[in-house]
Amino acid sequence: MDPGQKYVRRHNNLETLIQLAISGLAMGLIYCLVAIEFTLILNTSGLMNFGHDKYIMFGAFLFGGTFVIRLGWDFLPSAVASVLLMGVVGIFIAVIVFSPLQKLPRVYAMTGTMALSMILQEATRLTYGARSFTVLGFLSGTINFGFVSIQRVYLFIIIVTTILLIFQNLLMMKTKLGRSFRAVAQDKETSSLMGINVNTMLIASATMSLLICGIIGVLIIPVTGITLGMSNMIGSKGYIAGVVGGMGSLNGAIIGGLVVGLTEALFLAFGGNPVYKDVVSFVLVVLFLLLKPDGILSEKKAAI
Amino acid sequence: MKQLNKVVTIIVSVMLAIAIVGCSTAAPAPAEPPKPAGDSQAPSTSGPTFDGEIYVGVTAGITGDAPLEGEAMTRAVTLASEIINGQGGVLGKKLVPVIEDDSYTPEGAITVANKFIADEKIVAMAGPGRSSSFMAISDLIKEAGMPIVTPATSTTFYKLDNPYWFRDRTTDGVSTNIATRFLVEELGLKKIGVMLTNDDAGLAARAVIESTLKELGVDHEIIVYNGGEIDYSGQVLQLRDAGADGLVLWGHTVDYAVICRNMYQLGYDVPTVGNTGFMSATFLDLVDDEVADGLYVVTDINLESEDPYVKYFLDEYSKRYPDVKPDVVDAIHFAHMFLIADAIKRAGVAERQAIADALKETRDVPSVLGPLTCAKNQDCAHTATVFQNEGKVAHAIKTFTLEVE
């Protein structure tokens with residue numbers, strides 16, 4: 001039986017279109033952040049971190065499970081603390097895991113990152129239990145703008161991720177650390193010869209990557225709840241965003257994320273069958289791999 | 001720097017070691033239940049003596065996307081076994097559940113089923129919890145002649161031509177029929193929206209819901225969604241724009257939480273009915289009270305009933321696990337071991353084929369799910385109750401008892 005049989009094609013409703021566009025933009029920005037966080041590590045170490053979605057999950061558990069529920073902290077200090085703690089975890093992981101892994105053949109390195117993610121997931125389960133939960137009242141509800149109601153969490157995601165992307169861009173373009181990142185991304189050996197400590201850049205990129213994972217984990221809690229599998233699909237979509245935008249390019253990651261998020265939203269807005277929503281993203285990535293494997297903004301063209 | 005590296009290495013090695021222990025691929029021990037409040041209240045396991053053991057394989061989703069249900073199954077079968085053994089065991093032997101983790105996936109179920117089938121000591125199985133997992137192991141079970149009692153509810157099993165499965169739960173075929181009729185006949189709704197998960201359970205439910213709606217002559221819109229998504233706003237908005245004034249939601253628990261949250265946030269407040277997932281701890285822990293409030297649930301167990309068996313279950317459960325409130329998932333899995341034990345007793349011998357034959361002859365076996373009688377289609381449970389959530393507490397509205405064919 002065709003699962004596409006009998007679906008609704010009635011999106012001449014302006015409110016619905018706006019709501020879908022907002023949700024598409026918000027999720028697209030989440031995909032941007034996901035693509036950025038694994039691109040940071042990829043650029044400094046050559047490692048494709050296949051376990052990155054589990055760090056997002058872990059950040060959510062830290063925020064909700066440890067700081068809000070167990071310690072009873074308010075939302076903002078909990079968010080700050082959990083994100084900073086994720087940065088510390090990033091340092092540990094960079095020193096203990098990523099640094100040795102980058103010297104191994106690629107297959108072993110990829111396997112290592114996947115094994116680490118499985119360890120992290122099970123460690124989370126053992127620490128917090130199997131129970132899924134949420135943070136009651138956190139970014140819940142809607143805000144009315146005239147005839148349109150927008151979910152509060154999506155507005156928050158848009159604002160926070162936009163600020164974060166601006167900050168990240170300024171960091172990369174205007175600071176010595178950013179210039180060092182870009183140098184290492186372009187050519188590790190030459191950067192090393194020029195006096196840049198490549199290992200330190202790996203640690204710094206892993207720290208930033210996990211800081212971003214912590215932020216993503218906190219932001220998506222009102223959307224997904226806090227579950228062990230909360231970030232599986234986001235991780236995949238982040239990869240798609242990276243391919244579409246241009247693997248290895250931070251600006252490409254931004255463009256790729258927006259393209260993926262808005263494409264999904266527009267597909268639904270114009271009557272697409274929801275069961276094929278994910279297929280749209282995967283078709284997109286296949287098309288790019290076949291026709292434009294460098295992505296929209298290939299690494300060579302991108303400044304960063 | 002070297003000193004820092006050394007310290008970091010030690011700390012993270014300890015963390016990894018703890019995690020690795022937790023990730024051991026050896027068969028995981030069942031989740032250790034809290035100690036009962038007083039030894040005298042615990043079911044006696046030291047009284048009777050046994051002249052052997054009978055092993056029943058239990059496939060539970062201890063890891064995966066719904067580990068709470070795996071924990072509930074572990075607690076329930078453990079308690080049931082303790083009660084059975086406290087009453088003398090089965091054929092003078094101790095009933096031993098062998099619990100393995102299938103991660104709530106078809107691949108995991110296949111691995112566990114193969115392991116149980118290869119072990120000649122295991123004479124029957126309970127589980128798995130998901131219809132797709134059961135479909136994956138059906139041929140293995142049939143070939144091995146392994147009798148299995150499953151809580152999975154898909155009506156697709158009828159097409160399997162497999163005489164070794166038995167179900168002690170009301171099927172989706174019955175539940176979806178009741179759910180749909182409830183919205184139309186009890187609540188008088190005129191246009192029904194349907195959201196179904198795109199897997200075996202959802203698609204099998206679709207056939208029943210569509211035929212019921214056609215029979216009732218009610219307009220409807222059906223949307224099939226992929227499970228595991230983080231946002232179903234698009235689907236919810238499509239149903240809202242279609243003018244659906246009631247919703248049948250049939251899928252899995254974690255997705256329910258996302259869908260209902262989306263509905264609440266988008267202000268799409270229509271009567272919504274779903275399956276047991278709406279009452280489960282997994283769902284209720286993921287949503288605010290306002291999101292859960294008002295949802296209708298069709299399930300096969302009424303834990304509020306005055307049935308003495310239900311009261312017995314609640315009483316024994318509270319003694320054994322005083323820190324855990326039992327829900328329908330616990331009750332479902334509690335019934336498995338009693339049904340299997342009863343079949344072994346009637347068979348007179350702990351052998352797979354004999355147990356399968358005895359399960360087929362099950363008649364009015366008392367259980368927390370109501371009297372179990374094996375119908376021609378191998379379903380043994382024939383009651384369903386409609387509940388409504390008040391906040392996060394479900395209250396029974398109406399119970400339906402079906403004719404056994």
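This is a predicted model: local features need pLDDT of at least 70, side-chain atom pairs count only at pLDDT 80 or more; totals for chains, interfaces and linings use all residues.
**Chain B as a whole**

Start by selecting chain B, which holds 13 helices and 12 strands. Of its 405 residues, 55% count as buried. Among contacts in chain B with a separation of 6 or more, 72% are between residues 24 or more positions apart.

**The two domains of chain B**

Colour residues 48-170 together with 306-374 as domain 1, and residues 173-299 together with 386-401 as domain 2. Taken over C-alpha atoms, the centres of domain 1 of chain B and domain 2 of chain B are separated by 28 Å. Where they touch, domain 1 of chain B supplies 15 residues and domain 2 of chain B supplies 16 residues. On the domain 1 side, the elements of chain B that give two or more residues are helix 2, helix 4 (131-144) and helix 12 (328-347). Helix 4 of chain B gives the most to that side, with 3 residues. By class, the domain 1 side divides into 5 nonpolar, 7 polar and 3 charged residues.

**L95(B)**

Next, select L95(B), which lies in strand 2 (residues 94-101) of chain B. Is L95(B) buried or exposed? L95(B) is buried, because 24 other C-beta atoms lie within 10 Å, and 20 or more are enough to count as buried. Show the residues that L95(B) touches, leaving out those up to four places away in sequence: I54(B), V56(B), S81(B), I84(B), N85(B), G89(B), V90(B), M337(B) and A341(B).

**Where chain B touches chain A**

Now bring chain A into view. The contact between the chains takes 45 residues from chain B and 48 residues from chain A. On the chain B side, the elements that give two or more residues are helix 1 (2-22), helix 2 (67-86), strand 7 (219-225), helix 7 (233-242) and helix 8 (253-265). Which of these gives the most? Helix 1 of chain B does, with 9 residues. The chain B side has 23 nonpolar, 14 polar and 8 charged residues.

**Helices 5 and 8 of chain A**

Helix 5 of chain A passes helix 8 of chain A in a left-handed crossing. Show side chains for V153(A), F156(A), I157(A), V160(A) and L164(A) in helix 5, which meet I215(A), L219(A), P222(A) and V223(A) in helix 8. The residues of this contact are 9 nonpolar, no polar and no charged.

**Helices 2 and 9 of chain A**

Finally, select helix 2 (residues 52-70) and helix 9 (residues 232-245) of chain A, which pack at an angle of about 135 degrees with their axes 8 Å apart. That angle makes helix 2 of chain A oblique to helix 9 of chain A. Helix 2 of chain A passes helix 9 of chain A in a right-handed crossing. The contact is formed by H52(A), D53(A) and I56(A) from helix 2 of chain A, and by N232(A), I234(A) and G235(A) from helix 9 of chain A. These residues divide into 2 nonpolar, 3 polar and 1 charged.

Technical notes. Residues are numbered from 1 along each chain as its sequence is written. Chains are lettered from A and ligands numbered from 1 in the order in which they are written. Two residues are in contact if their C-beta atoms, placed from the backbone, lie within 7 Å. Helices (H or I, at least four residues) and strands (E, at least two) are DSSP runs, numbered from the N terminus. Ala, Val, Leu, Ile, Met, Phe, Trp, Tyr, Cys and Pro count as nonpolar, Asp, Glu, Lys and Arg as charged, and the others, Gly among them, as polar. Axes are lines fitted to C-alpha atoms, for helices over the stretch in contact, and angles run from 0 to 180 degrees between N-to-C directions. Angles under 35 degrees count as roughly parallel, over 145 as roughly antiparallel, 65 to 115 as roughly perpendicular and the rest as oblique. A crossing is left-handed if the near helix is turned anticlockwise from the far one by less than a right angle, and right-handed if clockwise. A residue is buried if 20 or more other C-beta atoms lie within 10 Å of its own, exposed if 12 or fewer, and partly exposed in between; C-beta atoms are placed from the backbone. Domain bounds come from an automatic or database domain assignment.
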